[in-house]
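Welcome, and please open the model in your viewer. We will take a short walk through it, one selection at a time.

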Amino acid sequence: MFFQNRFCFLAYKALFILLCLWGLYLNSGLPQGSVKWHVLDYYAIQSNMLCLFYFIWSFYTNLRYREEPLQVYTPAPRLKGAVTFCITVTLLIYNFILAPVQFSMGNGAVVYSAGNILVHYVVPVMVVLDWVMFDKKRCLENL
């Protein structure tokens, strides 16, 4: 599947940027009144920030891309592949290694915060869906 609809592409990127920012904001400690600088040590936060920076750059370049007004443009496809790989690792490690540990904590109740769900599930799934929907497949073979 490969969409060439610029409006859908930009709308999806804008939604992604907002959700990623919201997840990083919730994990930063700012809602509680103080910044938790130690969260920058976590791979999940680092990979989410990497995705955020790449998607902002992609959104900006597609706003300025005027050669073919209806087509989408993927800047630095190899970098996009690396970003997709990094955030997929975040999803897999959290889902299969870290999340099962939470089931045995405290009274046995599962505790999922909105920030955790955003940075560990929503953002990674949206990056993979972005690759599925908007990127040409096998474009790295010719680079």
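Helices, as the word is used on this tour, are DSSP runs of H or I with at least four residues, numbered from the N terminus. Please keep in mind that this is a predicted model.

**Stop 1: the whole chain.** Show everything as a cartoon. You will find 4 helices and 0 strands, so named by the DSSP runs described above. Along the sequence the pattern reads α-α-α-α. The protein has 143 residues, and 36% of them count as buried.

**Stop 2: colour by confidence.** The mean pLDDT of the protein is 84, with 84% of residues at 70 or more. Now select residues 43-64, which form helix α2: here the mean is 94, the highest in the protein. Helix α3, residues 77-102, has the lowest, with a mean of 88. Next, select residues 103-110, where pLDDT stays under 50. The model has 4 contacts beyond four places in sequence for this stretch.

Stop 3: Beyond its neighbours within four places in sequence, F16 is in contact with C51, L52, F55, V123, M126 and V127.

**Stop 4: the surface.** Switch to a surface view. The protein exposes about 8,700 Å², and carbon and sulfur atoms supply 70% of that area. Select W22, Y25, L30, V35, W37 and L40, which together make a nonpolar surface patch of about 620 Å². One of these, L30, sits in the loop between α1 (6-28) and α2. Is L30 buried, partly exposed or exposed? Its relative accessible area is 43%, so L30 is partly exposed.

Stop 5: Finally, select V132, in helix α4. V132 counts as partly exposed because its relative accessibility is 27%, and the range for that class runs between 20% and 50%.

Key. Residues are numbered from 1 along each chain as its sequence is written. This is a predicted model: local features need pLDDT of at least 70, side-chain atom pairs count only at pLDDT 80 or more; totals for chains, interfaces and linings use all residues. Side-chain values use heavy atoms; hydrogens and water are left out. pLDDT is the predictor's confidence in each residue, from 0 to 100. Helices (H or I, at least four residues) and strands (E, at least two) are DSSP runs, numbered from the N terminus. Contact means heavy atoms within 4.5 Å. Patches are made of residues with over 30% relative accessible area and no salt bridge: like charges are joined within 9 Å, nonpolar side chains (Val, Leu, Ile, Met, Phe, Trp, Tyr) within 5 Å. Accessible areas come from the Shrake-Rupley method with a 1.4 Å probe; for residues, only the protein chains shown count as cover. A salt bridge is a side-chain nitrogen of Lys or Arg within 4 Å of a carboxyl oxygen of Asp or Glu. Buried means under 20% relative accessible area, exposed over 50%, partly exposed in between (1.4 Å probe, protein chains only).
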